[in-house]
Amino acid sequence: MTKVLLIEDDDETAGEITAELADRGFDVEWSSDGLDGLAKARDLRPDAMIVDRLLPGMDGLTVIESLRKDQVRTPVLVLSALGAVDDRVRGLRMGGDDYLTKPFAVVELVARIEALLRRPPETRETTLRVGQLELDLIERTAKRGEREIDLLPREFRLLEYMMRRSDQLLTRAMLLEEVWNYKFVPATNLVDVHMGRVRHKVDGPGDTPMIHNVRGAGFILRAVS
């Protein structure tokens, strides 16, 4: 059973997270204190960790930094009420693998933990590149060549998913499940609407198209020189 260590000092938040993860088959260990959480992380060696940024005893970023100095590479999702870019950058640079701002939907938290667990060991890339296209995962910025691309949060997630799977055919069902976290395929044009916006931003006037619609099948992102 996959073991997750949750370090969160708010009882209600911890209860909701623990219940949802347990329902999904995870074995959850909970600590409400930074020092105790650090000790449990060292003793239990969980498969993944969820760490609140502001904790009694020791703040969450110090917990993560201490583990990284010990060469503990357990993937960590940082939780915080601080959502500014500088705060996210600090959380990731201190050793966090992902950052989720409060308030959040618990189902999204579960999806992010599942995504962290799917990553190959030691994968800590902070920038994705496909041809001229570049995505900075820390600053949450995008550009094609020297042209900056302004993306909304969902558009950023959609483009990130496609860049990680460039040259692969991605069906609408795959995108709905992985980007929107749907566990079923509803009758909706949600993917097409968002894909249209992303294509318009990525493939500007005069650009060679990078995002291609494969009629009746899905979409492919291809690099161009």
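Start by selecting Gly 60, Leu 61, Val 63, Ile 64, Ser 66, Leu 67 and Arg 68: these are the buried residues of helix H3, where buried means under 20% relative accessible area with a 1.4 Å probe, protein chains only. That makes seven of the 10 residues in H3 (60-69), so the helix is mostly covered. Helices (H or I, at least four residues) and strands (E, at least two) are DSSP runs, numbered from the N terminus.

Before going on, a word on what's loaded: it's a predicted model, with local features needing pLDDT of at least 70 and side-chain atom pairs counting only at pLDDT 80 or more, while totals for chains, interfaces and linings use all residues. Residues are numbered from 1 along each chain as its sequence is written, and side-chain values use heavy atoms, leaving out hydrogens and water.

Now click Asp 59, which caps the N-terminal end of H3 with a side-chain oxygen 3.1 Å from the backbone nitrogen of Leu 61. After H3 comes Gln 71, with a positive phi near 65°.

Next, pick Asp 52 in strand S3 (48-52). An unreviewed UniProt entry lists Asp 52 as "modified residue: 4-aspartylphosphate"; such annotations may be inferred rather than shown by experiment. Asp 52 counts as buried because its relative accessibility is 5%. Beyond neighbours within four places in sequence, its contacts (heavy atoms within 4.5 Å) are Ile 7, Glu 8, Asp 9, Gly 60, Leu 79, Ser 80 and Lys 102.

Last stop: show H1 (11-23) with H5 (106-118). The contact is made by Glu 16, Ile 17, Glu 20 and Leu 21 of H1 and Val 106, Val 107, Leu 109 and Val 110 of H5.

Methods. Buried means under 20% relative accessible area, exposed over 50%, partly exposed in between (1.4 Å probe, protein chains only). A polar contact is a pair of N or O atoms within 3.5 Å; within protein, one must be able to donate a hydrogen and the other to accept it, and residues adjacent in sequence count only if both atoms are side-chain atoms. Axes are lines fitted to C-alpha atoms, for helices over the stretch in contact, and angles run from 0 to 180 degrees between N-to-C directions.
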